[in-house]
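Reader: Got the model open. Can you walk me through it?

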Amino acid sequence: MSKLLPRNSDASSRDASGETGAGGASSAIEERSKTLAFTFVNTSGRPTKNAKTKTVIRRHVKLYLDRVKRGDPPPKDQKAIQALTESIARTLASGVCANTGGYWQGIGNRWLGDGYTASLSRFGSSRTDPFIKYPVDLTPETGALLDHIFDQSYDFMNPYREAFFPVGLLDPASFYQILSNLTWLVQAIAPERNFKPEKFENDGIALNYSRAIKMVKTRLSSPEAASSEGTIAAIISMACYAKITSDNTAWMFHINVLRNILRPPTDAELAAGKRNKSPYMSLTPLLAISIGWIDTGVCTTLDLIPFFPFCSHILPLYPSYPVSVTISPVLSHLTASLSATHPSLLPLLTLLLDTAKLSAFLTHNLIANPKVWHDLTFASQYIQPLNHRLIRLRAPLTSPANILHEVLRLAMMLHFAPIRKAFGSVPVTMDVHIDKLLPLLKNGGMDILLSEVEGWKLQFWVLSMALMWVKDVPRKEFLEGKLRNLAWELEIQSYEDAEQVLGNIMCIELHRILFRGVWEDMKVFG
């Protein structure tokens with residue numbers, strides 16, 4: 001910054017009277033102030049360097065940013081908690097399988113009430129830390145764009161603020177791609193914020209994407225440059241863009257490039273001394289977890305086995321829960337009975353119990369802190385590991401037990417979908433899972449449960465999870481018919497009775513609110 005400030009030699013521009021001429025030093029200062037790194041600082045004359053003042057400013061900014069990031073204290077009363085939960089559920093119910101645009105516009109305001117006002121206005125101020133070292137020079141337009149990352153009204157922005165923005169800071173290529181991602185995201189999610197992309201022609205989606213692509217292409221010609229953190233961070237950012245725009249072809253391309261860069265060394269390479277360790281295992285926690293999020297997220301949507309192993313050297317694949325977290329005795333008894341009669345189902349039934357524990361743990365955390373939906377650490381430690389296990393644990397459709405295995409696995413993924421949608425910032429569609437589940441249900445996929453005393457409760461739960469995600473009329477009528485017949489047979493006459501059945505298996509408040517709409521549409525006894 002000191003290079004940009006006027007030096008004593010600039011005094012030669014003074015006129016004969018000793019005063020600063022109109023075209024002299026003052027104009028030089030004004031011209032140079034346009035290129036200052038801190039665009040919010042306006043100087044007149046020669047600023048005096050003062051280390052103590054700089055320290056005070058830094059401390060003041062740091063305290064203020066910490067206060068903004070912490071946000072308001074969470075509401076403690078049950079009415080406020082219920083209002084927040086119902087707000088999320090209404091958004092989910094409004095377009096669970098809707099197109100990308102409708103999804104974004106709905107999720108963008110799910111935490112905003114009618115009387116919402118932003119914690120900071122954007123009248124030339126900024127939420128971003130002015131002391132962050134960016135890998136490229138910022139323009140005022142870019143600074144205004146980055147300010148959206150720290151806007152507390154964007155609850156969906158938390159994954160970008162906590163994970164992908166730090167990834168972008170690792171390298172110019174990844175930073176340009178993050179700018180491209182952010183431009184698209186703000187345009188798509190919050191059009192009512194008057195974000196005008198035409199004002200950002202130099203920092204737009206296509207231009208920044210092309211900058212990142214050129215840099216990465218150059219580096220891929222060198223094994224050392226290709227395996228650098230900066231290159232990997234840039235490709236992660238590109239895969240992130242493909243994920244948020246639902247471009248599965250582009251996502252697959254970027255994932256394959258990452259797989260090639262991070263593949264384990266072959267025996268020949270080890271013998272020749274060309275490579276002596278697996279690049280994936282030596283990644284920083286930030287990059288490894290980011291790859292896991294990108295990989296698991298799209299593989300869940302497409303119901304594919306993940307391409308990368310779970311980063312168990314960083315996160316536990318089997319997280320522990322407090323002893324106070326308990327599951328339904330009905331589910332415990334049912335899983336014990338099924339595992340005794342069908343031992344091949346034991347791994348899946350263990351996963352079913354773990355899913356129920358997570359649901360109970362999540363409910364406990366939501367009561368204490370409704371803002372847990374913003375907690376990326378919670379999602380990384382609990383949501384991602386279980387999701388990874390769900391998409392890996394599958395069985396061939398060669399026996400009635402294996403068919404039930406797939407029915408329950410797909411139902412658990414449908415159960416997870418509203419939770420993933422509330423935690424994440426990408427569209428969640430479950431069309432692939434419904435396409436796989438319905439043929440199994442039509443061909444007696446749950447017949448094994450008929451021999452269990454309380455097996456009908458698990459049937460009821462599976463059908464309910466599916467109905468929350470089916471939109472086309474023929475499939476919806478099929479599921480409603482099966483659920484209605486089960487309700488008639490068991491004399492489930494009210495929503496409260498049906499909700500109790502769901503609670504005997506697993507559900508959180510989001511599921512209850514979504515299921516209420518399903519139940520009212522069915523008109524079981526109406």
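**Contacts and packing**

Author: Start with contacts, meaning heavy atoms within 4.5 Å. Among those between residues at least 6 apart in sequence, 73% join residues at least 24 apart. This is a predicted model: local features need pLDDT of at least 70, side-chain atom pairs need pLDDT 80 or more, and totals for chains, interfaces and linings use all residues. Residues are numbered from 1 along each chain as its sequence is written, and side-chain values use heavy atoms, without hydrogens and water.

Reader: How many helices and strands in the protein?

Author: 22 helices and zero strands. Both are DSSP runs numbered from the N terminus: helices are H or I, at least four residues, and strands are E, at least two.

Reader: Where do α6 and α10 stand to each other?

Author: Their axes come within 9 Å and cross at roughly 135°. Axes are lines fitted to C-alpha atoms over the stretch in contact, and angles run from 0 to 180 degrees between N-to-C directions. So α6 is oblique to α10. Oblique is what remains after under 35 degrees (roughly parallel), over 145 (roughly antiparallel) and 65 to 115 (roughly perpendicular).

Reader: Which residues of α6 make the contact?

Author: Tyr-160, Phe-164 and Val-167. On α10, the partners include Ala-233, Ile-236 and Cys-240.

Reader: New topic. Is Thr-183 buried or exposed?

Author: Thr-183 is buried, because its relative accessibility is 2%. Buried means under 20% relative accessible area, exposed over 50%, partly exposed in between (1.4 Å probe, protein chains only).

Reader: What does its side chain reach?

Author: The side chain of Thr-183 reaches the backbone oxygen of Leu-179 at 2.8 Å. Thr-183 sits in helix α7, residues 172–189.

Technical notes:
Polar contact = N/O pair within 3.5 Å; in protein donor to acceptor, adjacent residues only side chain to side chain.
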